[in-house]
Amino acid sequence: MVTGGRNSRSAHIVWDWNGTLLHDIHAVIGATNAAFAELGLDPITLERYRELYCVPVPRFYERLLGRLPSEQEWEVMDKAFHRHYWLRAREAGLAEGAAELLAAQKVAGRTQSLCSLAPHDRLVPLVRTHGITEHFVRVDGATGPSGGVKAAQMERHLLALDGIDAARTVVIGDAVDDALAAAHVGAHAVLYTGGSHSRASLETAGVPVVDTLADAVEAAEWIANGHR
């Protein structure tokens with residue numbers, strides 16, 4: 001019998017990292033605008049970023065520039081962004097209540113994992129720095145080129161989990177791509193408004209949209225118990 005923890009009707013939660021557990025949106029905007037300044041582009045506001053942001057990331061730049069960047073332009077933009085972002089990410093904290101919420105889930109016997117498009121070799125030390133590694137049964141970051149979509153990575157992530165039923169898995173993230181990745185593997189999703197997308201953008205995914213991580217966990221348990 002496949003279960004998601006001590007309670008067979010509990011959800012297994014797959015957490016997103018950037019913009020969800022890690023409250024890094026201001027680091028993202030700062031890095032984006034620092035990179036833009038290097039490239040001679042106008043700065044972008046938080047509201048505009050949330051309105052336009054999408055993955056694959058080159059499509060986000062297409063929305064900004066009115067055209068897809070060339071391969072060379074994308075490489076320059078990507079390197080500039082990451083150089084500025086990782087300097088700022090050290091100062092970013094966890095989302096409000098995230099540490100306590102993760103600990104409570106662990107104590108309750110519910111399983112959780114982390115699947116992110118952040119580079120794996122940077123993600124793992126950062127998660128460890130925040131003292132929350134022990135709450136996850138698995139942590140996966142990206143190991144290939146940046147700027148991709150999450151569906152294939154989510155598939156690999158779930159395949160690597162032992163005894164986790166996709167039908168009782170709920171992905172909690174801050175981007176429409178998180179909902180698409182969940183659907184790709186037969187899981188569910190709850191989207192959180194504290195990150196990269198506007199509420200209006202998130203609502204196009206057709207899944208529950210919430211304003212706090214506590215509400216996201218509550219919605220995940222609701223879903224796991226057969227409610228839609």
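Cys115 is buried, at a relative accessible area of 0%, where buried denotes under 20% relative accessible area, exposed over 50% and partly exposed in between, computed with a 1.4 Å probe on protein chains only. The structure is a predicted model, in which local features need pLDDT of at least 70 and side-chain atom pairs count only at pLDDT 80 or more, while totals for chains, interfaces and linings use all residues. Residues are numbered from 1 along each chain as its sequence is written, and side-chain values use heavy atoms, with hydrogens and water left out.

With a disulfide taken as a pair of cysteine sulfur atoms within 2.5 Å, the count comes to zero. Cys54 takes part in no disulfide, and the nearest cysteine sulfur, that of Cys115, lies 19 Å away. Cys54 is also buried, with a relative accessible area of 8%.

Helices (H or I, at least four residues) and strands (E, at least two) are DSSP runs numbered from the N terminus. Strand β1, residues 12-15, is covered on both faces: His12 and Val14 are buried on one side, and Ile13 and Trp15 are buried on the other. Strands are said to pair if DSSP finds at least two bridges between them. β1 pairs in the parallel sense with strand β6 (residues 169-173) over four bridges, and His12 stands opposite Thr169 of β6. Strand β4 (residues 112-119) also runs parallel to β1, joined to it by three bridges; here Ile13 stands opposite Gln112.

Two packed helices are described by the angle between their axes and the distance between the axes. For helix α3 (residues 57-65) and helix α4 (residues 71-89), the axes come within 11 Å and cross at roughly 105°. These axes are lines fitted to C-alpha atoms, for helices over the stretch in contact, with angles from 0 to 180 degrees between N-to-C directions. The two helices, α3 and α4, are therefore roughly perpendicular, a class spanning 65 to 115 degrees, with under 35 counted as roughly parallel, over 145 as roughly antiparallel and the rest as oblique. Contact means heavy atoms within 4.5 Å. Val57, Pro58, Tyr61 and Leu65 of α3 meet Trp74, Met77 and Phe81 of α4.

Helix α8 (residues 176-184) has Val176, Asp177, Asp178, Ala179, Ala181 and Ala182 as its buried residues. These buried residues of α8 pack against β4, α7 (151-160), β6, β7 (188-192) and α9 (199-203). After α8 comes Gly186, with a positive phi near 80°.
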